[in-house]
Amino acid sequence: MLRGGSGAPTVLLLHGLGATADVWDGLTALLDRAWVAPDLPGHGGSAWLDGYTFGTVADAVAGLVDPRGTVVVGHSFGGVIGLHLARVPGVRAVVGLGIKVAWTGGELDRAAALARKPPIIHPTREDAATRFQRVAGLVGLQDDVPAAALTRDGDGWRTTHDPRTFAVGDPAVAPLLAAAPVQVVLARGEHDPMVSRDQLTALVPDAVDLPGLGHNAHVEAPAALLPVLAPLR
């Protein structure tokens, strides 16, 4: 768990599938208010769950919402968790960045197949680190791999990410948006291959495009999120 800053409302930062809280380091250095960034269940230094749904992961982190005021910012998988937290007392707004909102049956089947495979044991720490960066989409973006993201396993190394998280299924974003009692902002990097602008604007008319950025926009250019966050108080 990482936290810092001061001032309200608190910003709760939720990373994407396969990543850790460290992906927010660039943004937290720029924030002018209190923030907290956990490793989500099944990731980094956090415990594994018996099973994963978006709801069970949201329940596991709901206690981090400051009832005096919280803006939830979630990337991809974490963005869906943020939408599930929208009804928690204290949440004032939710920002969902790079949420893949449209899934085919084939994509869901492939994700479920990944979830059934055991963790891959790599011969070296470097190989496991490469696996971590690939799954988290951080190749070329984040050189340092957090210590909590890797662990010894027998004579080899593996990532601490629980592959069963791949089985969370279709996020069903539209009904989550309809049920949200607070402001929701959906944003994407202009070049994000996971979600198109048309897909977002079909859900919300004021979707935000972040020029020149990709799926991990918060890592590529953390300052690009500041104009999105500024009015959310």
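Student: Where does UniProt place the feature "domain: AB hydrolase-1"?

Tutor: The unreviewed UniProt entry puts it at residues 11-225. Such annotations may be inferred rather than shown by experiment, so take that label as the record's word. Keep in mind, too, that this is a predicted model. Over residues 11-225 the chain is 28% helix and 18% strand, with 12 Å between the end C-alpha atoms.

Student: Which order do the strands of the open sheet follow?

Tutor: There are 7 strands, in the order β1-β3-β2-β4-β5-β8-β9, with mixed pairing.

Student: And why are β1 and β9 called edge strands?

Tutor: Pairing needs at least two bridges, and β1 (2-4) and β9 (208-210) each pair on one side only, so they are the edges. Ignoring direction, neighbouring strands of this sheet are turned by 20° against each other on average.

Student: How do you know that α3 touches the sheet, and which strands does it touch?

Tutor: Contact means heavy atoms within 4.5 Å. Helix α3 (residues 77-84) packs on the sheet and touches β2 (10-14), β4 (70-75), β5 (91-97) and β8, so each of those strands has heavy atoms within 4.5 Å of α3. The direction of α3 makes about 145° with that of β4.

Student: What sits in the loop between β4 and α3?

Tutor: S76 lies there. S76 has a positive phi of about 55° although it is not a glycine. S76 is also among the residues closest to the centre of the largest pocket, along with L17, W103, F166 and M194.

Student: What makes a residue part of the lining of that largest pocket, and how many are there?

Tutor: A lining residue has an atom within 4 Å of a pocket point, and 27 residues line the largest pocket. The space inside is about 640 Å³. Helices α3, α4 (105-116) and α5 (125-136) each supply at least two lining residues, and the largest share, 5 residues, comes from α4.

Student: How do the lining residues of the largest pocket split by class?

Tutor: You get 15 nonpolar, 7 polar and 5 charged residues.

Student: What about the second largest pocket: what is its volume, roughly?

Tutor: About 210 Å³. It is lined by 15 residues, and the closest to its centre are P118, P119, I120, R131 and P163. Both α5 and β7 (156-159) supply at least two residues of that lining, with the largest share, 3 residues, coming from α5. By class the lining holds 8 nonpolar, 4 polar and 3 charged residues.

Student: Why do β6 and β7 count as a pair?

Tutor: Strand β6 (residues 150-153) is joined to β7 by 4 bridges, so the two pair, and they run antiparallel. L150 stands opposite T159 in β7. Their hairpin has 2 residues between the strands, and G154 takes a positive phi near 65°.

Student: Last one: what kind of peptide bond joins A8 and P9?

Tutor: A cis one, with omega about -10°. You'll find P9 in the loop between β1 and β2.

Terms used: Residues numbered from 1 in each chain as written. Predicted model: local features only at pLDDT ≥ 70, side-chain atom pairs only at ≥ 80, totals over all residues. Heavy atoms only, no water. Axes fitted to C-alpha atoms, helices over the stretch in contact; angles between N-to-C directions. 1 Å grid on protein atoms, 1.4 Å probe; cavity = no way out; pocket = protein on both sides within 12 Å on 5 of 7 lines; lining within 4 Å. Points joined across faces, edges and corners; volume = space filled by probe spheres on them. Nonpolar A, V, L, I, M, F, W, Y, C, P; charged D, E, K, R; others polar.
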